[in-house]
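Visitor: I would like to learn how to read a protein model. Could we go through it one feature at a time?

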Amino acid sequence: MSQTERSPVGIKTPKSPATGVSVSVVHVPKKSEYTDDYTNKTLYLPGPTEVREEVTEAMAQPMFGHRMDRMTDLYTTIVEDTKEFLDTEQEVIILTASGTEFWEATTLNLVDERMLVPTSGAFSERQANVAERLGKTVDRVEYEWGRAVRPDDIRAALESSDEGYDAVGMVMNETSTGVRNPVEAVGDLLGEYPDTYFIVDAISCLGGDYIDIDAHNVDAIFTSTQKAFAMPPGLAVCTVSDAAYERELEKESASWYGGFQRCLDYYDRKGQTHSTPAIPLMLAYRVQMKHMLAEGHQQRDRRHREMAEYTREWAREQFGLFPEAGYESQSVTCVENTRGIDVAETIETISAEYDMVFSSGYGSLSEESFRIGHMGEHTVDSVRALTDAIEDVAGL
Ligand SMILES: Cc1ncc(COP(=O)(O)O)c(C=O)c1O
């Protein structure tokens, strides 16, 4: 008999082995009615982030069918514009999903048995965990939270492995610690290991931190739209190298939904997605991607660097920085709470009095640090408005 059963609201509650009676071990939330009566807040989260009104409004259109010509126009526009923006010859898949889908899909598509994952925070740990759940053997190169991955450690792990690895999976921007990992250098050394594919989670930075995808042996790099693309959540974007596409063709255990072959062949034949996409989100994507192209990837990168430099300087003056020096993220600054302010209360007060929202530290770091997302549409001035508010509320 199964050790678990579903409660009426779909939350698993284990059965007591002795009595077989379900015991509730999780908080079952009561319905709290959505009222449409909420104050809008300016988002300085590590995603979702601010979305232009014009982009949000683009979603409110009469519906059309996903097999209509209009859909072909829409999907081919957003895919080709994305390739141009990302400055890559690789193929691009845009799927209705959050970025998490591509942790699963890239693992299923590229990893037969063994994967190497450097872990240095919550998201890289989760990438490793996803692969384990999918039955893969995962070797970790573990770092203390706040430290960056060292390419030499990856080389040493590759060298010391008898069987080798099907893929290295790596988080470019560790959102939990504000660390920007040197994925380019790791990709460069992977050029010496042609049988090892390189999977990059760039979820919290792509579009705000330039990476030359084609120059660093990246086989798949993915993001979620609610981060530096500054779109609503609900779409995930992944580029795929020719080698990764070919590799998947050899495998029978590839992802169905996120199968490179299925997605890209369908695009080639029909200019559409294999199943019904979130059409309103793609309408929003079209409008925002035009803005991103007009600004240009390099300029967007510069703007994000300026925001990051401003935020870091402020953090050094007022508090400290959590990530190791020289590896700070360009889209999320993780501030070390050296003054011991009450982070939760500060966030709450700033939300109530200034209608701005930022993040506490991740998990057990919730009071030890706090995180400012400076991505997407933000500017140095908009970030300064938040740091001024923090100074006011914390009495700095
Ligand atoms: C580095 C990283 N990877 C993966 C995820 C998961 O992304 P999503 O919630 O869009 O699936 C996040 C979300 O914050 C992230 O920051």
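Visitor: In which loop does Asp87 lie?

Guide: This is a predicted model. Asp87 lies in the loop that runs between helix H2 (69-86) and strand E4 (91-96).

Visitor: What is the phi of Asp87, and is it positive or negative?

Guide: Most residues other than glycine have a negative phi. Asp87 is not a glycine, yet its phi is positive, about 60 degrees.

Visitor: Is the peptide bond from Gly47 to Pro48 cis or trans?

Guide: Again the general idea comes before the case. Most peptide bonds are trans. The bond from Gly47 to Pro48 is cis, and its omega is near -5 degrees. Pro48 is in a loop too, between strand E3 (42-43) and helix H1 (53-57).

Visitor: How many helices and strands does the protein have?

Guide: The protein has twelve helices and 17 strands. Its radius of gyration is 22 Å, close to the 21 Å that the globule rule gives for 396 residues, so the protein is as compact as a globular protein of that length. The C-alpha trace spans about 60 × 55 × 50 Å along its principal axes.

Visitor: Which domains does the domain assignment give?

Guide: The assignment gives domain 1 (1-38), domain 2 (44-49 + 297-394) and domain 3 (53-294). Note that domain 2 is written as two segments, 44-49 and 297-394.

Visitor: How many residues of domain 2 are in contact with domain 3?

Guide: Here contact means heavy atoms within 4.5 Å. By that rule, 25 residues of domain 2 touch 32 residues of domain 3. Buried area is another way to describe the interface. The two domains bury about 2400 Å² between them, with 55% of that area on carbon and sulfur atoms. On the domain 2 side, His297, Tyr327 and Tyr362 supply 30% of the area buried against domain 3, more than any other three residues.

Visitor: How many salt bridges are counted between domain 2 and domain 3?

Guide: The count is two.

Visitor: Which elements supply the side of domain 2 that touches domain 3?

Guide: Helix H10 (297-318) and strand E14 (332-336) each supply at least two residues. H10 gives the largest share, five residues. By type, the residues on this side of domain 2 are ten nonpolar, nine polar and six charged.

Methods: Residues are numbered from 1 along each chain as its sequence is written. This is a predicted model: local features need pLDDT of at least 70, side-chain atom pairs count only at pLDDT 80 or more; totals for chains, interfaces and linings use all residues. Side-chain values use heavy atoms; hydrogens and water are left out. Domain bounds come from an automatic or database domain assignment. Buried area is the accessible area (1.4 Å probe) that two parts lose on being put together, summed over both. A salt bridge is a side-chain nitrogen of Lys or Arg within 4 Å of a carboxyl oxygen of Asp or Glu. Helices (H or I, at least four residues) and strands (E, at least two) are DSSP runs, numbered from the N terminus. Ala, Val, Leu, Ile, Met, Phe, Trp, Tyr, Cys and Pro count as nonpolar, Asp, Glu, Lys and Arg as charged, and the others, Gly among them, as polar. The radius of gyration is taken over C-alpha atoms; the globule rule is 2.2 Å times the number of residues to the power 0.38.
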